[in-house]
Amino acid sequence: MQTDGDDIEGAGWFGKGPEAAPVATGRVVEVALERGIDRVLDYAVPPGFDGKVAVGVRVKVPLGRGNTPASGYVTALTDRGPGPKTKSVLEVDDKRVLIPADLLWLARWIGDYYFCPLGTVLGSVIPAAVKKQTGMKRRWMVRLAGGGGLEAVSPLLATMRAGAAKRLGQRLLGLEKKWHLLDGELMGEEGGEGRGGGGGEGGEVSSATLLTAAKALVKKGVAELSKQDETEADVKPVRHKPALGDVGAMNEGVELNPQQREAVERLGTSLRGGFSVSLLLGVTGSGKTEVYLRLIEQVVAAGKQAIVLVPEISLTPQTVRRFTTRFPNVAVLHSGLTDTQRHQQWQAIGRGVANVVIGARSAIFAPVPNLGLVVVDEEHETTYKQDQAPRYHARDVAIMRAQKAGAGVVLGSATPSLESYQKASSGVKGWHLIHLTERARKQPMPKIELVDMKDPLVRKRGGIQLISPRLEVALKGTLAAGKQAIILLNRRGYSNFVYCARCKQPVHCKYCDVTLTYHRGPNEQADALVGGTLQCHYCLGQQTLKPNCEVCSSKLVLFGLGTQRVEEELTSKFPDLKFARVDSDTMRTSRDYEERLSEFSAGRLQVLLGTQMLAKGHDFPGVTLVGVISADTALSLPDFRSGERTFSLLTQVAGRAGRGDDTGTVVVQTFNPEEPVIQSALSHDYVTFADDELQTRQRVGHPPFGRMVRFIIRDQELPAAQRLGADVADLVHAAAKEYGDTIQVIGPHPCAINRIAGYHRQSVELRGPDSRPIQTMLRALRGQPLLQRHESVVVDVDPVNLL
Ligand code: ADP
Ligand code: ZN
Ligand code: ZN
């Protein structure tokens, strides 16, 4: 990435707030260490560090008896002087202020709320590429000699042979008379359009060629060359394919329908009023993105920036393009960026160059200087919760950040989390509910049919049929009409249950309390059971499948299902079908995934078969059939949200059908057709589902009516795990006493999956109707050494994963 050679007093990276004022030497600063020590430490600013140490700067400080250098961030300036034992800052690691004041505030909130050391939070707020200063180096800069103009330089240039040097000279003539970074762009090359047009490395001319060319120009007296620190001026604007015309013109193609128009009006009013949270509950295909775009337009027109969060899996070129064709400066923070690109984007965002930032969870930390709006698309997605420290929920962080900035938040979904729906529908202060009840062009919602897999008619054709006769007929009809289908089974592999018929035992993972899943090998014969692997989906361990039981040597039987098995059945029932399997086994990189999606989009594939990856957000107008092989995969999980997840997955995947001009059909296979959750998904009626589910939750005090904190305790030895679990429970029990009924402590008990990767797991839960007493109590527990053993005790506030 680009560098910034300036000292802080020259140009603070994020401008100069009072906090960014340089510290006088001799004072004490507070430093949060990345190493996860749960308090800030005092360090003195030694002589010679004037103007270099400020809040938000990354420093190296001595730690412990051995004074080992450790990295951390200055989080506060004090007016205290050093005591006799105060150590001094060793060095300033990076001259830039990496954490602007608002992000520091946010990091503190995350650290407090999610029970995580501030240094750990900061460590994940700042991308690794920025910390490592990737791409920051002294770079060659070139300019016309003597500030020379056409008259002086043209004749010299005319004498040169055609080639890179001459081209470079001509290029410089056409540019502003100043220092230019010597890179491919100078030669007029557009950066290759990166994934989604996010960034893109320089062009075809190698830097060696460029340097030779520039040196030739220097020799001729045409140019001057100098190696300089990169400066602010070098920050490349975020590039993408040029927008087709201006923003206004881009909208002409789409006229908002009345519901969208009303939504934009109401949301716009909220936006202008400062902080608010609006839940945009819009059925699948209702055109939520169009609403976001209009709001972002208002934000950009007001000179502010918008952050758009989408689930990682939805961050496809197709999604990104919807934004880049409307707005000139979109920064896309996707996992495919190189470190240099990531650093570049971060810096460009920090300078306000990007109007719109799109990214997954961590994009909520994008350092936009003037936040106007955060959109959280598909806000119900569980991937917004990070499953390692800091265990933050990006939606909740977004709300905090927006509140502090006086910005608006729009949460969008066809199946919102019950947490958000409850707040928006019950009129919590600052929350609004906006409903889009129809599809954008009034297309009918797809018709959902249930197939009861217990029905003897379905079963009688011998063996297990994964594709019911009804689904088979529907698929035939779809293909005959030249349309496309999506087939969902939210389970990868061939069979998730490998079973010995004699001992009646399934094969378990040696290290986890789960059954192994059989994955068929590429050239494996259907009945031979050789060459495939048994995989554990928790510890990711693999072993070769032996066809016979280890205990009794009987033949093993495959039971249960997986996408590979559906693939096999599809191939045998539809030999000529052009289809692809899309799951994390076949989609090794994001490129694989994008290629399959675009082949499907172009009609070169008739069917996509896969896991929940396929259920998300896609807009393929050719899809008229969606088949769900089993609606039951999530139902039996021991998690109070399993109903909500099932409803959401069914509704989302059903929503892929019938988005074009032809009505969609959805065939849902299930062994539990009478299950209320499945029944309610039939009618696309989120509100009825949610209201029922909320009543149940209220009765038992589950979120959103109660708050939860989970302590997960793990050890390789069961007795040690149990002891530690009991210790944590004792500690928490004692602390909870003074809160009476407002906090309950449950456990210790073994986790639903009581062993993962060789670790026995125990859990202790806190529950209570209100988060405040729980938070107060957690604060009081903060210094407890037992809870500092991060290897063995994890604290998860508002947990999403309960297994
Ligand atoms: P959602 O995110 O609510 O599922 P999308 O934003 O993907 O829906 O919109 C569904 C489709 O409808 C997209 O192809 C979009 O371009 C189109 N669309 C959205 N609004 C309109 C409109 N007002 N008129 C016509 N088409 C629209
Ligand atoms: Zn056996
Ligand atoms: Zn395992």
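Analyst: Let's start with rings. Rings of Phe, Tyr and Trp (its six-membered ring) pair if their centres lie within 6.5 Å; planes under 30 degrees apart count as stacked, over 60 as edge-to-face and the rest as tilted. Here, ring pairs link Y421, F647, Y686 and F689 into a cluster. Some ground rules: this is a predicted model, where local features need pLDDT of at least 70 and side-chain atom pairs count only at pLDDT 80 or more, while totals for chains, interfaces and linings use all residues. Residues are numbered from 1 along each chain as its sequence is written, chains are lettered from A and ligands numbered from 1 in the order in which they are written, and side-chain values use heavy atoms, with hydrogens and water left out.

User: How many aromatic pairs does a search of the whole structure find?

Analyst: The search turns up 13. One of them is Y421 with Y686, edge-to-face, at 5.2 Å centre to centre and 90° between the planes. That pair links distant parts of the chain, 265 residues apart: Y421 is in helix α13 (residues 418-425) and Y686 in helix α20 (residues 686-700). Helices (H or I, at least four residues) and strands (E, at least two) are DSSP runs, numbered from the N terminus.

User: Is Y421 buried or exposed?

Analyst: Buried means under 20% relative accessible area, exposed over 50%, partly exposed in between (1.4 Å probe, protein chains only). Y421 has 4%, so it's buried, and Y686 is buried too, at 6%. Now take F497 and F559: their ring centres are 6.2 Å apart and the planes at 50°, so that pair is tilted. F497 lies in strand β19 and F559 in strand β23, so the pair ties together parts 62 residues apart in sequence. F497 is partly exposed at 27%, as is F559 at 47%.
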